[in-house]
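Open the model in your viewer and keep the selection tool at hand. This tour goes from one selection to the next and says what is there.

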Amino acid sequence: METFSDLPRAERIELAPGYNVSRVINGCWQLSDGHALDAPIDFDDVMHAFFELIEHGFTTFDCGDIYTGVEEFLGTLVTRLKRGEGPVCADDIQIHTKYVPDLDILANVTFKHTESIIDRSLRRLNRDTLDLVQFHWWDYSVPGYIEVAHDLLKLKEKGKIRNIGVTNFDAPHLKEIVDAGVPIVSCQSQYSLFDRRPELALSSYCESAGIKHVCYGTLAGGLLAKRWEGVGTITPETRSQVKYLQVLEDSVGYEGYQKLLELLEEIAAHYGVGVSHIATKYILGRPSVACTIVGVRNSRHVADNCKIFGFELSPEDDAAITAFLDGYPRLQGDCYTLERESPRYKGIIHMNVNEEEQGGNDALAGE
Ligand SMILES: NC(=O)c1ccc[n+]([C@@H]2O[C@H](COP(=O)([O-])OP(=O)(O)OC[C@H]3O[C@@H](n4cnc5c(N)ncnc54)[C@H](OP(=O)(O)O)[C@@H]3O)[C@@H](O)[C@H]2O)c1
């Protein structure tokens, strides 16, 4: 009988020279205040899940300065590892955070403000250096993103940041930052069976520029799972599902969704795995993709998700999924354009979380 210790370990990849991460990253947006719409998070169970994931080589975590309470929770994990309570040392895990200046202050972001937010992340995470800071800019029409990216470079030179990445940039704006001389190691964007917008331009740009593509939404907040087969009306259980239901509606639609689940289930049966494994494996198999992020909000899926690394998707099955998706509309525009421009998409995004929920603009107030 297969035991927990027999399960495959996570594959690893070099995100930057000398910097290795697990190819499936533990996503922590799910742990932020207000994310769960169904039941409260059991944080003891989540800590248990983290220890088990680390033990199986899933050593990399994704969070953000605007994920309320999450950097602090990961700081507790770091403290426990420093005390020798976990399966590895604190230096053997990687924590990726984000720097997301509020929409309302974009025009006035100063170096002092940026440094104060980075210092806050360092304090919350109980780290001396941030492994990766992924920079986000809500509105390209407000100038300043290149200057702020350079400020992050200054903080890298001061030793506060090890690597700089971006999130939710499209190809032309990412290229602008790279051409301005900021060494970007990774780009995080949504990429899933419902959302293939990276294939328009971002994937090929990342490949040509040597930037590692890190993807979220691979499981569409858990909607890409067998439990939804035959379910007519879906009541979202998380904010993540609210978002991905829109993406589903605008791509395969509800009828196509059920057919897709059937196809994935049929393919999964060849390998003795589940729908979610095939959804993840398909995205991990795209040429630009270094890592996918899979959200964790309990210990329920830990053993199951180790199986992602226990099989390879055949070229025939991969092609069958692509052929199926090609029969449906693609989400419009470049990466994150809908989220920036469409009222329907913009309406569900919180763009001023640093100030509203976290008192993050103390430094700016004094400017
Ligand atoms: N940069 C950005 O703007 C951005 C945006 C969104 C997300 N992210 C990052 O990406 C991470 C992932 O978030 P996401 O919203 O895209 O969610 P996701 O990873 O697509 O879905 C996560 C959910 O899938 C379910 N799940 C996990 N493993 C499963 C399995 N084996 N079988 C069935 N269901 C499974 C779990 O739901 P249950 O526990 O309910 O079963 C889990 O909460 C976030 O935590 C965050 O780090 C970044």
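The stops below cover the ligand and its surroundings, then a pair of helices.

Keep in mind throughout that this is a predicted model.

The ligand is surrounded by 31 residues, and the closest are Gln30, Asp62, Ser240, Tyr244 and His301. Colour this shell by class: ten residues are nonpolar, 15 are polar and six are charged.

Next, show the secondary structure. Which elements each supply at least two residues of the shell around the ligand? They are α7 (239-249), β10 (289-295) and α10 (302-306).

Now look at single contacts. Select Thr167: an N or O atom in the Thr167 side chain is 2.9 Å from a nitrogen atom of the ligand. Then select Asp304, where a polar side-chain atom lies 3.1 Å from a ligand nitrogen atom. At Leu219 the backbone takes part, with an N or O atom 3.1 Å from an oxygen atom of the ligand. Of the 910 Å² of accessible area that the ligand has on its own, the protein covers 94%.

Two packed helices are described by the angle between their axes and the distance between the axes.

Methods
Residues numbered from 1 in each chain as written. Predicted model: local features only at pLDDT ≥ 70, side-chain atom pairs only at ≥ 80, totals over all residues. Heavy atoms only, no water. Near = heavy atom within 4 Å. Polar contact = N/O pair within 3.5 Å; in protein donor to acceptor, adjacent residues only side chain to side chain. Areas by Shrake-Rupley, 256 points an atom, 1.4 Å probe, with all protein chains shown as cover. Helix = DSSP H or I, 4+ residues; strand = E, 2+ residues; numbered from the N terminus. Nonpolar A, V, L, I, M, F, W, Y, C, P; charged D, E, K, R; others polar.
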